There are 2 protein chains.
Amino acid sequence: MTENINKAFICEALTFWDKLTDQEQSLILSNVSSASYKRGENIHSYDNDCVGVLLIKSGELRAYILSEDGREITLYRLIKGEVCILSASCVLKNITFDVHIDAEQDSEVLIINSGIFEQVCNKNIYAENFSHKITVQRFSDVMKAMQQILFSSFDKRLAVFLIDEISKTGTDTISLTHEQIANYVGSAREVVSRMLKYFENIGIVKLSRGKVTVIDKKRLHDFT
Amino acid sequence: MTENINKAFICEALTFWDKLTDQEQSLILSNVSSASYKRGENIHSYDNDCVGVLLIKSGELRAYILSEDGREITLYRLIKGEVCILSASCVLKNITFDVHIDAEQDSEVLIINSGIFEQVCNKNIYAENFSHKITVQRFSDVMKAMQQILFSSFDKRLAVFLIDEISKTGTDTISLTHEQIANYVGSAREVVSRMLKYFENIGIVKLSRGKVTVIDKKRLHDFT
């Protein structure tokens with residue numbers, strides 16, 4: 001009974017299923033195992049064995065890398081019906097990086113053995129194309145994450161700086177040019193000016209020559 | 001003569017060539033054009049038309065995205081014999097982002113029309129797989145670039161901060177805790193401590209409780 005359910009699920013998740021020979025289908029079916037992961041549990045890491053290809057029956061997985069200070073940079077999330085291929089990165093010749101994968105929710109998955117999946121990909125162009133195709137989808141996710149990193153953290157960095165500066169000087173006015181602030185926060189003057197202008201437009205600061213006056217500390221704190 | 005040379009080049013660059021029907025080969029060959037780009041010239045941008053698939057005969061192309069302050073974040077470079085597919089991203093269903101592509105050196109390329117390439121990919125699984133496969137290679141390049149952004153810019157940011165701080169106070173000793181410095185530079189205490197320790201190990205600063213003394217300004221400048 002469970003076997004039939006699993007087979008139906010596999011056929012649907014692996015969209016190249018009907019392009020496989022009977023032998024290839026049997027090979028996959030006899031090398032699938034089930035696994036459950038608790039919310040927060042690590043499934044795949046840089047240094048552990050190649051888990052395999054994961055077919056998500058329920059729950060949610062999250063892929064991330066770690067920044068230098070141990071922050072988790074989320075790359076993408078996968079839900080029911082989706083296939084996680086980077087957990088089998090050991091068998092993907094063109095993938096030269098690795099990611100962490102955690103269960104974001106309690107999750108049920110089917111696992112196809114990495115070596116078996118590789119065998120099928122090497123013989124069957126439809127299987128190989130599938131593994132490349134879903135990796136390309138993850139590439140798009142990662143580019144989105146990267147652009148968020150490049151563009152979206154700056155409001156926070158600037159808010160932290162302004163708060164520290166007024167608490168250090170004990171006044172609400174910071175006597176620094178945008179250029180000087182840019183040097184402190186490791187950015188460019190244009191970026192600082194644009195973000196300060198934004199803070200001014202929403203009523204958090206008031207700008208004048210060589211000065212930034214914080215007029216709404218509470219809302220500035222909301223950015224940090 | 002030139003046509004024969006181009007054909008030989010196309011056969012080699014498109015590794016799926018012998019999996020194409022005669023008709024598909026002819027279709028591609030009759031929709032190839034040549035182009036030359038000067039060093040620094042933009043080839044493909046977010047907002048211009050879909051250039052097509054580029055086969056690099058000589059020179060070097062560079063793909064990048066722009067950060068908020070207009071800095072170019074290099075994603076990867078391509079050289080002779082390589083194929084640039086993201087310049088035909090309009091026809092790649094799974095690519096939902098765009099990049100800028102410039103000629104990094106004077107470059108000669110062959111351009112396959114995007115629409116024609118798409119037609120062939122839709123009919124021929126080997127062509128489709130090729131386009132996915134080389135995109136996956138670029139994914140690996142981009143992950144490497146992303147990790148450099150996450151990990152490698154911090155030494156510079158910290159060096160800039162230390163230099164500004166000593167020039168502001170007029171002494172070589174900065175009386176700030178690692179926690180305070182972390183707040184200024186928008187990082188975490190652990191990261192600041194690790195990098196300061198590194199600066200100390202290579203003889204640039206000397207650390208003591210609540211203090212950082214710069215002992216080699218020249219080498220600190222080299223980081224910025």
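1. Across the interface of chain A and chain B, the rule finds zero salt bridges (a side-chain nitrogen of Lys or Arg within 4 Å of a carboxyl oxygen of Asp or Glu). Nine residue pairs, both at pLDDT 80 or more, are in polar contact between chain A and chain B. A polar contact is a pair of N or O atoms within 3.5 Å; within protein, one must be able to donate a hydrogen and the other to accept it, and residues adjacent in sequence count only if both atoms are side-chain atoms.

2. This is a predicted model, in which local features need pLDDT of at least 70 and side-chain atom pairs count only at pLDDT 80 or more, while totals for chains, interfaces and linings use all residues. Residues are numbered from 1 along each chain as its sequence is written, chains are lettered from A in the order in which they are written, and side-chain values use heavy atoms, with hydrogens and water left out.

3. The area buried between chain A and chain B is about 4700 Å², and carbon and sulfur atoms give 67% of this. Buried area is the accessible area (1.4 Å probe) that two parts lose on being put together, summed over both. The contact (heavy atoms within 4.5 Å) takes 47 residues from chain A and 48 residues from chain B.

4. On the side of chain A that touches chain B, the elements that each supply at least two residues are β4 (60–66), β5 (72–79), α4 (125–152), α5 (154–169), α6 (178–185) and α7 (189–201). Helices (H or I, at least four residues) and strands (E, at least two) are DSSP runs, numbered from the N terminus. α4(A) gives the most, with 19 residues.

5. B:N129 lies in helix α4 (residues 125–152) of chain B. With a relative accessible area of 4%, B:N129 is buried (under 20% relative accessible area, 1.4 Å probe, protein chains only). Its side chain makes a polar contact with the side chain of A:H132, at 2.8 Å. Apart from neighbours within four places in sequence, B:N129 is in contact with A:I125, A:E128, A:N129 and A:H132.

6. Strand β8 (residues 107–112) of chain A is largely enclosed by the rest of the structure, because five of its six residues are buried. Strand β1 (residues 32–37) of chain A runs antiparallel to β8(A), joined by six bridges; strands pair if DSSP finds at least two bridges between them. Here A:S36 stands opposite A:E108. Strand β3 (residues 53–58) of chain A also pairs with β8(A) in the antiparallel sense, over five bridges, and A:V53 has A:I112 as its bridge partner.

Technical notes. Buried < 20%, exposed > 50% of the residue type's maximum accessible area, 1.4 Å probe, protein only.
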